[in-house]
Amino acid sequence: MLRNHTLHVHSMLKGLLVVCMLTMHTTGFAVTRLVPNTYATISAAVAAASNGDTIRVFSGVYTEHVNINKSLVLLGSGPDTAETIIAAPADFGSSSTYTYSLPSFVAERTIVHIGGPAVITVVMRGFIVDGKRLGPLNNTGDAYSGVLAERTILTFSNNTIKNVLPADSSSTYHVTYNGRGITARGDSSVVTISNNTLFDVNRFHIYVNATDTTTILPVTFPTATVSNNTITGKGVYNGAQKGVWFNNGAWGTISGNTITNMDYINAVIESDRATAITVRRGFLNPVKRNLILNNTVTTTSHTNNKGIFVEGQKDSIADNTVSGFRFGIQLDDQDSAFIVRNTVTGGQIGIVVATTTITAVAPYVITIGGSPANKNTITGQDTSSIGAAIALSFRDALADGTFMSTVPVNAKYNDFGVYSESAIRNRIWDRADTTVIGSDLVDTVHFSPFYVDKIRASVKVFLQGPYVAASDAMSRTLNTAGTLGAKFGPGSVPGLAVDSINIELRTAAPAAGSITRKFAPAWLLSDGTIRNFSDTTKSYVEFDTTLTGDYYLVIQHRNHIAVMCSTAQMMDGNTLPTVYNFSSAQNKAYGTSPLILVDSSPDSVYAMYSGDVNLNGLINAADRLVVKNNNGLSGYNVGDVNLSALVNAADRLVVKNNTGIQTQVP
């Protein structure tokens, strides 16, 4: 019985002889024999092959139509070495020989056809499929493609498809079905399309189709994994081009693709005009979800285009980068979809949510962001011309009809590039605010609370230990002696630094009741102001991934009693914060007499109590013992409560005088 039957194909144009190697397996042995067959064309090798064979096609140009009607592995020489090119025959535009039909689909002409009377399994890798701009004339209305796979389990990877364009190069290239890079269609098709390059394709680049007749649906909808492909469109022209298109219930995963330069010359919006990624009528397949993940889709013009357009069921659109499109992401007639962790920049509208009916539907919720971990960044849209970051019930002024959304949108915790509620409200276009359907007011886009990348806090506080009343400042002995440099690294310490300090934000005063606690290590400067550890040029401290709101500030130092502001302070990332000055009054800190008076002339100055060496919130004999045991030691030492770079009797006296003092931070 023959196994691992490998056929080698050379182009006879290069005068090369082809040898087919057959490997015979017997009990315990593998015997190789040479078969003196020559195959100058891929078609001849396919005809000679048996199911399961591998055909290796060497570099060269193969001008032919290839029909693969059995399970095979086809390996070209590309893309990393010489090129193996399958080129369209000269009569490709006029001959019906290359046209295939399936029930419920339009007839399609193709260079490479993959499919048979039953489902077959095919691998195709390392080829260039060149349409040579020989497609049918526009007035024929024919569909044509580089590769057509029907009812197939297909792995199509590391190939290039190009020049799938009509022969009349002077035309505007616009016919409804013209020009497809690779089409996968038919009941039970399962395809993996990965790491391919497609360019100069007239309309559809990667097209996965369940049916062209929506009244007749497949028993098993085709599924596809389309990943890591590079697709380049033709820019603004009449072809209404598409990057990746799942049609009429075809479903699967679209991930890691890079799609550029998709646009359409006509300014009138239609639901499926030039689009980088489309799931059209996904709701015809109600039990399957689509995942659109980690794609990068960009364009330099947005006459009429969309980055991602989805009509589906519970689909997820996550971690994509969408830039420059008239509509960045659009959902139509969706059931509980998720749009999370995307970056959508530029264009006219960032995200559109719409339904085409005014009939109330089940209480679905479209989630756009929804939590800090899932926030989208939606910035740079042109809001001066019917633009918005998020639009609900939106229809372009020139379009043919009006959308009326009946679906509420949870758009909380997104980064809109502005950080006040009024500014964000100006970036939300929400017709539902004034729309009544039946007797009920339609739910609106809920965007508050919103996400702020960094909020700002400006604080002034003194430490009792290093404070010098004569200069109304703290000594920088640890800094000038090089102790801070030795601790934190040479060159990392600002010249005015006294020591490092920590700021905590709390959304509630008691720690147990706090919803959010954020910490920021910072530098304490000699005048009592606090700066970011990594950037001292700003007059405030920034906290990452924290929402605008009211916060309590807690100040903690390694050997002083912690303090907290007496009332919650409003903080955001949009305005310069007002300095919260703990040193100005005893009541600036939470509790009863939580600060020590360190100067009374001409104005009273308050500071944090020194001596909490073990940071248990209480100064007592245990702290005195630590200082005693470290007596005489220099450098960055916790027992050095006056920050003089030396532990001595002065430190012991401070701790003794402050014995019994306890923090009042809850």
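Strand S24 (residues 258-262) and strand S27 (residues 296-298) run parallel and are joined by three bridges, strands being DSSP runs (E, at least two residues) numbered from the N terminus, and two strands being taken as paired if DSSP finds at least two bridges between them. Within this pair, Ile259 has Val297 in S27 as its bridge partner. The model is a predicted one, in which local features need pLDDT of at least 70 and side-chain atom pairs count only at pLDDT 80 or more, while totals for chains, interfaces and linings use all residues. Residues are numbered from 1 along each chain as its sequence is written, and side-chain values use heavy atoms, with hydrogens and water left out.

Strands S24 and S27 belong to an open sheet of eleven strands with parallel pairing, in the order S5-S8-S12-S15-S18-S21-S24-S27-S30-S33-S36. Strand S5 (60-63) and strand S36 (377-379) stand at its edges with a single partner strand each, so that one side of each is left without a neighbour in the sheet.

Strand S31 (residues 327-332) is largely enclosed by the rest of the structure, because six of its six residues are buried, that is, under 20% relative accessible area as computed with a 1.4 Å probe and protein chains only. Strand S31 is joined by four bridges to strand S28 (residues 306-310), which runs parallel to it, and Val310 has Leu331 in S31 as its bridge partner. Five bridges join S31 to strand S34 (residues 349-354), again in parallel, and here Ile329 stands opposite Ile351 in S34.

Terms used. Buried < 20%, exposed > 50% of the residue type's maximum accessible area, 1.4 Å probe, protein only.
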